[in-house]
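Subject: Structure for your review

Dear colleague,

Please find the structure below, together with its sequence. My notes on it follow.

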Amino acid sequence: MASLIKSRLEKLCSEDPVLSVLWAQWVFDEQLISKALSSISQIFPHYSMHDASHSSQIVTNIERILGEESIGALSATDLWLILEAAYCHDIGMVVPMDDIRNDWETDEFKNFIKRLISDPSHEYCVLARKYSSKISQDIFDKSSWPLDAFEEVRLLLAEFYRGKHAKKSEKIIKNPWQEIGLSSPRNELLPSRLFKILAEVSAHHGYDFQEVMSLKKCAVGVGSDNAHPRYIACLLRLGDLLDLDDNRFCPVMLKTAGALPATTCAHIEKHMSIEHFRMDQNRIEVHAICDTYEGYMATIGWFKYLEGEVNQQMMSWDDIVPDKKMGLLPTVGKLDVQLRGFQLLDKAKPPGFDVDKDKIMELLQGAGLYSNSFQCIREILQNSVDATLLKIWCDKTILNKYPDVDFNKPNLNVKKILDDLYSIEVSVDQERKDEKSIDWSVEVKDKGIGIGKEDLIYLQKIGSSQKNIRKKSIEGGMPVWLRPSGAFGIGFQSVFMITDEVAIETKSFYDREAICLEIKDPKESRVGNIFIRMVEDSYRLEVGTNMKFSLSCDLLPDRFSYSLDDKQTCSEIEEHDFVCDNQINIEILKLIYMVEKFSKRCLVPIVLKFNDRLIPFSQSVFKREEYYHESGVSVRFNASGDGDYNSFLYFKGQETDEPFYTSFVSLDIDLHCFNADQILEINRNKIKKENKKEVVRCIDAVLLEWSEWALTSFDGDDLAFVKAFRVSRFLDKGVSINEVYESDVSEKMIVSDVKVTDILKCNEVVLVLTKENRGHSTKLTEVKVSSDARCRIIMDMYHRTACEKTLTELLLAKVFSSVCVEVKNKSDGDKDDFDVVITYKKDNKFFVSDKCLKYFVDKFKGVSGAWTRVAILCPDRYKDLSVKKEDLGFCNVAMECSLRYVRFPSYNVMVMPWKTTGEGYASFNLDKLIDWVYEHRLDESTTKNEIKKSYAELIESFCQIDAISSS
């Protein structure tokens, strides 16, 4: 039992009546606090014991570290602080039910849940997502048993209160009765100041070491005593860390906890793995042998924590210890941990892959991600835009500005506010020039939300911006179109592609404090330090951020590339005369061009100055003709005509390199309804492959509604081509083919001087697809409509207008119910020299010649990696072989993909009876194929004999055609 410190305190108090109040207070508290600590297990049954046994062990550990001589040198007040702090430091883990009820609805708890959800690696991430619902019934519906909910909620509560228990301990020590009903005496016999010291000392067991050093080194104690808060706090931290023997967990208490979290199991093993433990005034040694990787990592982490704490205290020991005569801390000897049955290359960690920091930083700064280094300005501007959007929303919702302006969707009123009050200023100025290079100063100034001290945590840690809960909470209430882009958290790092140092002056909307930052390139050679300085008289500054950096460019670059859309660079090139000019500003003009390009559809206006000269450029955002969908997608009409257009896909105002083809119309499509890290590649240039289908579905749903809106908003040629666009893209989604027959559309949908509507009114259309003009840029299309309502079209497969594509790939298959497909070779011996002749009628028949079927099958003959079987169009004469399309397994599908230039009316599918890799047309596993077809037949009335007979006819026909071809 902790006899040395207690005995010494009792002795000193008995010798000096003034000090006796310390002993009296301790006698009461030892009993009262011990009882209170026993209730910790209600919320923390899966934790190691934090009761009186833990407190007593801390005191014992401190006695071992100090030794009897040093204990004898301590004042009675210090001894009392050691005992009280050992018992009080975890009192914050006592959580009254009223606190739980109140905290459950607080923003603090909701943000805690959001933080867990935003961290997929956290073991409680899934639980947090499950219990983020505000509806209690939903919570129980998601649990297989109500008591599961009880256990899971308790885990979340323990995680929440564990993170704040140090501060909570401080509050309880100051007001024990009001906070938890603890009747620890508080009266005039002991100054309340001492309890405040005790509260601070106890709380600092959970703070960073730098904060411990902010405690007073010496203070007045009781009577003639002095107290040493900083010293006692350091002893408490060591005593707590060194309670690592194998008796920290109570098996009975663990039985009450239910299923144990993985971290608990790891920490149990950490304590149970201790094989050797030495702790005295001279040395600390521990040897552990773990059985699992998780236990090994927990032990390694604890040892590093212990070693780091001792080293930090040793380096500051003169500023901690009350008197140098009290000696030094014990030396940390061998802290050894082994993983049973495994060899370790490095005792500090298990073998595993690591990364080169410089290489990673090169990637994060844009190496291989951006087409040129000056694209980094886009990331800087995006940060400013995001901060500005947050600011205008905070001004409206927190400061109650703009009460009469509707922010639910983009409008000219919001645009005017942004233009008048929230513009971003970019200045590029020449600084210095020598014989070979020129230095430029770049400044980006915004009126955004600013960077506060709390935000610096996320700025300095790459990829952590999505964990900034305060900003995420603001974004959650913003209309979709106004929300920031959802940054990756690495965009800022890209600026170090063109500079070594960035200076930032910023004032936060929240704390109204202004700070200056100097940020160095984080590649290893430059360390990546961030120097912070508070700005005096910060009230003089506006909320926002001003970023400055310098970059050096060659006077005459050896080589360069530029865009013809870059008017500034084109002008510079046109004016350059190498005879007399020794400077050409190509490189810096790339940066200017990037700013111009960024600003084109940016919600926030950007003012650009180059050498104090205003660079004018226009914005194409908030136009009246722009259509905004409630899902967060906006559509702007650019042009129309008989062609295939590459519409432009934007993400929150920034153009991507993602092609998006639309027939008859050109559109600007701006996506506001996703987060950048959700759908964009890391350089923001393209949509992630795995998200393309989702994005296209979203866009198509909006474009369908946009086209309906356009029907009442457009006129003339534009209206006609919008209707053509609707038919070409959405005929299978409820758009009526009757729209094609309307006069304004038919006037524009023309194939070789013949209206598409006239072609569709024919009783028969013969379409001849030829390859004759392959490789030539001119198209070859002939259309003849006879007096008996028959039409013949000869069309080049490789050169077709949008109208021609819409006719062959969509409309013919919708208007005509019958089709006959034949292949006609032009010359012997060349299977690729052919015309495809397709006859469309209205008599509900489907005919494909056997020669044509053979041509399709032969496409897969001898092809490396082709599947064994071929599924193919099933003509009416082989209807008994029709199978359900959805039942097909892995096979080559030789249907419309063989004629991607056309579409057919509805058709059936059959499976061919031979191998694609085999010679000739001998059947392969025919009996098994017949059984499979019978089981999956489309017509339940078809018999197995009918299937067998049809396959015999098919095989015989193919063999005859093959024999004729061979001869």
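In these notes, a residue is called buried if its relative accessible area is under 20%, exposed if over 50%, and partly exposed in between, using a 1.4 Å probe and protein chains only. This is a predicted model: local features need pLDDT of at least 70, side-chain atom pairs count only at pLDDT 80 or more, and totals for chains, interfaces and linings use all residues. Residues are numbered from 1 along each chain as its sequence is written, and side-chain values use heavy atoms, with hydrogens and water left out.

Overall composition

The chain has 33 helices and 28 strands. Helices (H or I, at least four residues) and strands (E, at least two) are DSSP runs, numbered from the N terminus. Of the 967 residues in the chain, 51% are buried. Among contacts with a separation of 6 or more, 69% are between residues 24 or more positions apart; contact means heavy atoms within 4.5 Å.

Cysteines

The structure holds zero disulfides, a disulfide being a pair of cysteine sulfur atoms within 2.5 Å. Cys-218 counts as partly exposed, because its relative accessibility is 43%. Cys-290 has a relative accessibility of 0% and therefore counts as buried.

Helix packing

Two packed helices are described by the angle between their axes and the distance between the axes. Axes are lines fitted to C-alpha atoms, for helices over the stretch in contact, and angles run from 0 to 180 degrees between N-to-C directions. Angles under 35 degrees count as roughly parallel, over 145 as roughly antiparallel, 65 to 115 as roughly perpendicular and the rest as oblique. A crossing is left-handed if the near helix is turned anticlockwise from the far one by less than a right angle, and right-handed if clockwise. For the make-up of each contact, Ala, Val, Leu, Ile, Met, Phe, Trp, Tyr, Cys and Pro count as nonpolar, Asp, Glu, Lys and Arg as charged, and the others, Gly among them, as polar.

Helix α3 (residues 52-72) packs against helix α4 (residues 76-88) at an angle of about 155°, with the axes 8 Å apart. The two helices are therefore roughly antiparallel, and their crossing is right-handed. On the α3 side the contact includes Ile-58, Val-59 and Ile-62, and on the α4 side it includes Leu-79, Ile-82 and Leu-83. The residues of this contact divide into 10 nonpolar, two polar and no charged.

Helix α3 also meets helix α13 (residues 229-241), where the axes come within 8 Å and cross at roughly 110°. These helices are therefore roughly perpendicular to each other, and α3 passes α13 in a right-handed crossing. Among the residues that make the contact are His-54, Asn-61 and Ile-65 of α3 and Tyr-231, Leu-235 and Asp-240 of α13. The contact of α3 with α13 divides into eight nonpolar residues, three polar and one charged.

Helix α18 (residues 376-397) and helix α23 (residues 586-599) have axes that come within 9 Å and cross at roughly 40°. The pair is therefore oblique, and α18 passes α23 in a right-handed crossing. Ile-377, Arg-378, Leu-381, Gln-382 and Val-385 of α18 meet Leu-591, Met-594, Val-595 and Phe-598 of α23. Seven of the residues in this contact are nonpolar, one is polar and one is charged.

Individual residues

Arg-726 lies in helix α26 (residues 716-730) and is buried, because its relative accessible area is 5%. Not counting residues up to four places away in sequence, Arg-726 touches several residues, including Glu-708, Leu-711 and Glu-739.

Ala-676, in helix α24 (residues 676-679), has a relative accessible area of 0% and is therefore buried. Its C-alpha atom is separated by 7.9 Å from that of Phe-651, 25 residues apart along the chain.

Ala-922 is in the loop between β28 (908-911) and α32 (926-935) and counts as exposed, because its relative accessibility is 56%. Leaving aside neighbours within four places in sequence, Ala-922 is in contact with Pro-913 and Trp-914.

Tyr-402, which is not a glycine, has a positive phi of about 55°. Tyr-402 lies in the loop between α18 and α19 (412-421) and is buried, with a relative accessible area of 15%. Asn-611 likewise has a positive phi, near 50°. Asn-611 is in the loop between β12 (606-610) and β13 (613-614) and is partly exposed, with a relative accessible area of 36%.

Yours sincerely
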